[in-house]
Amino acid sequence: KLFSMIDMKPPISRAKMMSVTKAAIKAIKLYKHVVQIVEKFIKKCKPELKVPGLYVVDSIVRQSRHQFGVDKDVFGPRFQKNFTDTFQNLYHCPEEDKNKIVRVLHLWQKNGVFDINLLQSLLDMANGNKTSPNIVEVCSTTLWIGQLDKKTQQSDVVSLLEEFGQIESINMIPPRGCAYIVMVHRQDAYTALNKLSRGSYRVNQKPVKIACALNKGIKSTHKKFWDVEQGVTYIPWTKVRVEDLESYQEGGILDADTLNPG
């Protein structure tokens, strides 16, 4: 039902929106799959359908909270898990639609739909204010290289990356055909990512993939603040314990400009 919206032109009718919502609620046992479909739709749809995609998220979560109660709603927490990525995809909407996204975020913040600090960090991004005084920025210096042959040696990975700068550590994971590489300097990691993600680079004659990875020092409770596009975790100061600041730097660095909470 959702993907049948792709060829429609906005505004999407309320009846169509309710039809999609009912289908989602009916498939609650497959809620993870439903959320994945909606996220995929928002990522792949035309720019003018981004906001209707957000309205679908809002409609499903509101109906779920109403029908099952806030404590038993499974859709909200699941959408929240990847919402920083979803937000980035939503922001490929037409310029005149961006205020509609901000309006929904404010509404969610007011009604406690998602974590209030996550929503605030997204609102800060929407305002072009990524360096909010209320947020600690942890910039990852960790790269992920995938599709490696299981026989790949650490020296092969070094050969691929050493031209970009000093390597702090390499963690090879042969069963998964990947490796995590921590660079000493953030700029070197960025340069390597920029260059290697554009061409067809090979290790042992096999094409590999490269991406920025969440650094090891970020706790599981803070993973929701990770922005994969920027390679930065934006952690609200209200969620930070000063004694944890040092551990955040494992595989990453702290942005000094954000270390004084407002």
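Start at the largest cavity: its lining divides into five nonpolar, two polar and two charged residues. (Ala, Val, Leu, Ile, Met, Phe, Trp, Tyr, Cys and Pro count as nonpolar, Asp, Glu, Lys and Arg as charged, the others, Gly among them, as polar.) The model is predicted, local features need pLDDT of at least 70, side-chain atom pairs count only at pLDDT 80 or more, and totals for chains, interfaces and linings use all residues. Numbering runs from 1 along each chain as its sequence is written, and side-chain values use heavy atoms, without hydrogens and water.

**Stop 1.** Select Leu148, Asp149, Lys150, Thr152, Met172, Ile173, Pro174, Gly177 and Cys178. They line the largest cavity (points on a 1 Å grid over the protein atoms alone where a 1.4 Å probe fits but cannot get out; lining atoms lie within 4 Å of a point). Its volume is about 50 Å³, the space filled by probe spheres set on the points, joined across faces, edges and corners.

**Stop 2.** Now select Leu160, Leu196, Tyr201, Val208, Lys209 and Ile210, the lining of the second largest cavity. About 30 Å³ of space lies there. Five of these lining residues are nonpolar, none polar and one charged. In total, two cavities reach 30 Å³ or more.

**Stop 3.** Go to helix 2 (residues 31-44) and helix 3 (residues 50-68), whose axes come within 8 Å and cross at roughly 165 degrees. (Helices are DSSP runs of H or I, at least four residues, numbered from the N terminus; axes are lines fitted to C-alpha atoms over the stretch in contact, with angles from 0 to 180 degrees between N-to-C directions.) The two helices are therefore roughly antiparallel (over 145 degrees).

**Stop 4.** Show side chains here. Val38, Phe41, Ile42, Lys43 and Lys44 of helix 2 meet Lys50, Gly53, Leu54, Val56, Val57 and Ile60 of helix 3 (heavy atoms within 4.5 Å). This contact has seven nonpolar residues, one polar and three charged.

Terms used
On a 1 Å grid over the protein atoms alone, a cavity is a set of points where a 1.4 Å probe fits but cannot get out, and a pocket is an open set with protein on both sides within 12 Å along at least five of seven lines; lining residues have an atom within 4 Å of a point. Angles under 35 degrees count as roughly parallel, over 145 as roughly antiparallel, 65 to 115 as roughly perpendicular and the rest as oblique.
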